[in-house]
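Subject: Handover of a structure and notes on its contents

Dear colleague,

Please find below the sequence and structure that I am passing on to you. My notes follow, and I would ask you to read them with the structure open.

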Amino acid sequence: MEKEISFTGILSSNPKYNPDFFNWNKVKLRYCDGASFNGDTQDKDAQLEFRGQRIWSAAMEDLMSKGMSSAEQALLSGCSAGGLASILHCDEFRDLFPNKTKVKCLSDGGLFLDALDVSGGRSLRNLYRGVVDLQGVKQNLPRTCTDRLGPRLDPKLCFFPQNSIASIRTPLFLLNAAYDSWQIQVSLAPPSADPQGYWHECTLNYTKCNSSQIQFLQDFRSQMLNVIKYFSKSNRNGLFINSCFAHCQSERQDTWFSDDSPRIGGQPIAIAVGNWYFDRAVVKAIDCPYPCDKTCHNLIFK
């Protein structure tokens, strides 16, 4: 891990680049457990220990003792695996504070979908089941989700946000690219599902996708919009789903708030999140489908 990192985007202390949260106390909790701070088991024979949940709890206890307990406002955010952690730990984070404290959660790039891959299989579901089993995650998944699924459905599916977001009590904001570049590479078209390499160029550079591949990605976008329908009915929750080929947009300055940052309806991500957090407006920003958005900062992998 790097000894130092720059705090940019939502972590920036410069009001020019982070107008709503620049003067907040900000902490980045380094991620290393492999299960979004939810694992808690060990395999003595293999000399493996997974302690993500205990790391989370210890970090929260330490922060509360250093002054976070007296916060008037708090926001739990994260991107990618941290975005998933922000969802799965959202209510747990809310419960640390008294009722008078304004507490909300922001998930950036954490809306991982239980979607069919290009071979018709479920690559990400198989991966996630392995993570849940290996790390003893099931016991730490939100009870509001596992109790609802019950024996009828596999409670491990609660590791997918689509099955838990609607039952989270705390206001939650979902920031996600409709064509999430990580999910395209790892969930939709990993080499295991594409042994002939038909999707290889497309996953590295969206401009190399042919019309049938673009249609597959449009169907993925439609699935994403479908799974957030019930979640979006609550005005407490917020959305910014842009039609970009990207992954994680809140901690990068160019995508969070800059002269040419991505916008929906003329509004950049930083302003949308700030309006939602401070209750200045109901924010349900959903982009039109690719290729309509010319403000995207699309990722192209070399």
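Is Asn 237 buried or exposed? Please bear in mind, before looking, that this is a predicted model. Asn 237 has a relative accessibility of 5%, and because buried means under 20%, Asn 237 counts as buried.

**Asn 237 and its surroundings**

Asn 237 belongs to the loop that runs between helix H8 (211-227) and strand E6 (238-242). The side chain of Asn 237 has two polar partners in the backbone that may be examined in turn. One of its polar atoms is 3.1 Å from the backbone nitrogen of Leu 172. The side chain of Asn 237 also reaches the backbone oxygen of Phe 231, again at 3.1 Å. Leaving aside residues up to four places away in sequence, Asn 237 touches Thr 170, Pro 171, Leu 172, Phe 231, Trp 276, Val 283 and Lys 284.

**Lys 104**

Lys 104 is buried, because its relative accessibility is 5%. A polar atom of the Lys 104 side chain lies 3.0 Å from the backbone oxygen of Tyr 277. With residues up to four places away in sequence not counted, Lys 104 touches Ala 74, Leu 75, Leu 76, Thr 170, Pro 171, Trp 276, Tyr 277 and Asp 279. Thr 170, Pro 171 and Trp 276 are among the residues that touch Lys 104, and they are also among those that touch Asn 237.

**The protein as a whole**

The protein contains ten helices and nine strands. Its radius of gyration is 19 Å, close to the 19 Å that the globule rule gives for 302 residues, so the protein is as compact as a globular protein of that length. The C-alpha trace spans about 55 × 55 × 40 Å along its principal axes.

Of the 302 residues in the protein, 51% are buried. Among contacts with a separation of 6 or more, 71% are between residues 24 or more positions apart. The accessible surface of the protein is about 14,500 Å², and carbon and sulfur atoms account for 51% of that surface. As for charge, there are 33 positive and 31 negative side chains, with the centres of the two sets 5 Å apart.

**Helix H2**

How many of the eight residues of helix H2 (residues 81-88) are buried? Seven are, so helix H2 is largely enclosed by the rest of the structure. The buried residues of H2 are Ala 81, Gly 83, Leu 84, Ala 85, Ser 86, Ile 87 and Leu 88. They pack against strand E3 (73-79), helix H3 (90-94), E4, helix H4 (123-135) and strand E5 (172-177).

Ser 6 lies in the segment before strand E1 (41-43). Ser 6 is exposed, because its relative accessible area is 62%. Although Ser 6 and Glu 251 are 245 residues apart along the chain, their C-alpha atoms are separated by 9.6 Å.

Glu 49 is placed in strand E2 (residues 48-50). Glu 49 is exposed too, with a relative accessible area of 55%. The residues it touches are Thr 41 and Gln 42, when residues up to four places away in sequence are not counted. The C-alpha atoms of Glu 49 and Leu 134 are separated by 10.0 Å, and these residues are 85 residues apart along the chain.

**Details of the backbone**

- Tyr 290 and Pro 291 are joined by a cis peptide bond, with omega about 10°. Pro 291 is in the segment after strand E9 (284-286).
- Phe 37 is a residue other than glycine with a positive phi, near 60°. Phe 37 is in the segment before E1 and is buried, with a relative accessible area of 6%.
- Asp 279, also not a glycine, has a positive phi of about 60°. Asp 279 lies in the loop between helix H10 (269-277) and E9, and counts as exposed at 53% relative accessibility. Asp 279 is one of the residues that Lys 104 touches.

Yours sincerely

Methods. Residues are numbered from 1 along each chain as its sequence is written. This is a predicted model: local features need pLDDT of at least 70, side-chain atom pairs count only at pLDDT 80 or more; totals for chains, interfaces and linings use all residues. Side-chain values use heavy atoms; hydrogens and water are left out. Buried means under 20% relative accessible area, exposed over 50%, partly exposed in between (1.4 Å probe, protein chains only). A polar contact is a pair of N or O atoms within 3.5 Å; within protein, one must be able to donate a hydrogen and the other to accept it, and residues adjacent in sequence count only if both atoms are side-chain atoms. Contact means heavy atoms within 4.5 Å. Helices (H or I, at least four residues) and strands (E, at least two) are DSSP runs, numbered from the N terminus. The radius of gyration is taken over C-alpha atoms; the globule rule is 2.2 Å times the number of residues to the power 0.38. Accessible areas come from the Shrake-Rupley method with a 1.4 Å probe; for residues, only the protein chains shown count as cover. Lys and Arg count as positive and Asp and Glu as negative; His and the chain ends are not counted. The place of a charge is taken as NZ of Lys, CZ of Arg, CG of Asp or CD of Glu.
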